[in-house]
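Here is a short briefing on one protein model. Look over the sequence and the 3D view before reading on.

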Amino acid sequence: MKRLIAAAIACTAASAVLTGCGQKKPDIDAKPQGTAAVSQKSQNYQDALAECFNASFSVNGGQVFYAYMYPDEYIDDLKEKGEYDSTVNQFNYNQEKRPDLTDGVYEFGSVTEAKELNDKQREAVKSYFAGKCDERGLGLTADDFTVGEGYEVSYTYTKDGNDAGSDLALAVVINDQGWKVIPS
């Protein structure tokens, strides 16, 4: 699953770079079957992880996916530069092309274990989000982020209602931005 999410993120980024920012109409008939996600609405780490996972495997999940994966400063920069809508649209368009979405329905299963983050993990989370902002040239450092509640979470997922595997992710609250998810 780690490879699946990492590949999805890499393909999305590469497609956005290679295909430009314009939204294109899908040229295939197969449609992803996942639940459409429309907003980041979680109140706890379980809901955040489930919603982020389901958004990454759903039609029109781009807005929710980016809200969970990136700090607000990153999203605000995309918006200020007029890139947000095209980035989300490209993510959503790419969902139409993902073979793993057309061969079945992937959904979050359940949390099997959750451990509170230790100090070393908290520092790594701060550095991770500072690095994401550095990609946009925002000049933020790890000291610009505070980590509130945070967990290392093992979870399962299903394909077509059957057990399909397990994975690990971090679910954290940064600054006053709500839950963020870092795939492991």
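The points below go from the whole chain to its helices, its sheet and its turns.

This is a predicted model, in which local features need pLDDT of at least 70, side-chain atom pairs count only at pLDDT 80 or more, and totals for chains, interfaces and linings use all residues. Residues are numbered from 1 along each chain as its sequence is written, and side-chain values use heavy atoms, with hydrogens and water left out.

**The whole chain**

- The protein chain holds 7 helices and 4 strands. Helices (H or I, at least four residues) and strands (E, at least two) are DSSP runs, numbered from the N terminus.
- Starting at the N terminus, the elements run α-α-α-α-α-α-β-α-β-β-β.
- Of the 184 residues in the protein chain, 46% are buried. Buried means under 20% relative accessible area, exposed means over 50%, and partly exposed lies in between (1.4 Å probe, protein chains only).
- Take the contacts in the protein chain with a separation of 6 or more: 70% of them join residues 24 or more positions apart. Contact means heavy atoms within 4.5 Å.

- Two packed helices are described by the angle between their axes and the distance between the axes.
- For α3 and helix α5 (residues 84-97), the axes come within 8 Å and cross at roughly 110 degrees. Axes are lines fitted to C-alpha atoms, for helices over the stretch in contact, and angles run from 0 to 180 degrees between N-to-C directions.
- The two helices, α3 and α5, are therefore roughly perpendicular to each other. The cut-offs are under 35 degrees for roughly parallel, over 145 for roughly antiparallel, 65 to 115 for roughly perpendicular, and oblique for the rest.
- The crossing of α3 past α5 is right-handed. That word applies if the near helix is turned clockwise from the far one by less than a right angle, and left-handed applies if anticlockwise.
- On the α3 side, G62, Q63, F65 and Y66 take part; they meet Y84, T87, V88, F91 and N92 in α5.
- The residues of this contact divide into 5 nonpolar, 4 polar and no charged. Ala, Val, Leu, Ile, Met, Phe, Trp, Tyr, Cys and Pro count as nonpolar, Asp, Glu, Lys and Arg as charged, and the others, Gly among them, as polar.

**A closer look at N92**

- N92 sits in helix α5.
- Is N92 buried or exposed? N92 is buried, with a relative accessible area of 12%.
- Setting aside neighbours within four places in sequence, N92 is in contact with N60, G61 and G62.

**The sheet**

- Strands of a sheet pair through backbone hydrogen bonds, either parallel or antiparallel.
- Here, 4 strands form an open sheet in the order β1-β2-β3-β4, with antiparallel pairing. Two strands pair if DSSP finds at least two bridges between them.
- β1 (106-116) and β4 (179-183) are the edge strands, and each pairs on one side only.
- From one strand to the next, the twist averages 35 degrees.
- Helix α2 (residues 45-56) packs on the sheet and touches β1, β2, β3 and β4. The direction of α2 makes about 145 degrees with that of β1.
- T156 lies in strand β2 (residues 147-159). Leaving aside neighbours within four places in sequence, T156 is in contact with F108, G109, S110, T112, G165 and S166.
- T156 and E107 are 49 residues apart in sequence, and their C-alpha atoms are 9.1 Å apart in space.

- β2 and strand β3 (residues 162-174) pair in the antiparallel sense over 11 bridges. Opposite G150 stands V172 in β3, and opposite E152 stands L170 in β3.
- β2 and β3 form a hairpin with 2 residues between them.
- β3 and β4 pair in the antiparallel sense over 5 bridges. A171 has V181 in β4 as its bridge partner.
- β3 and β4 form a hairpin with 4 residues between them.

**Positive phi in the turns**

- Most residues other than glycine have a negative phi.
- D160, in the loop between β2 and β3, has a positive phi near 55 degrees. At 46% relative accessibility, D160 is partly exposed.
- N175, in the loop between β3 and β4, has a positive phi of about 40 degrees although it is not a glycine.
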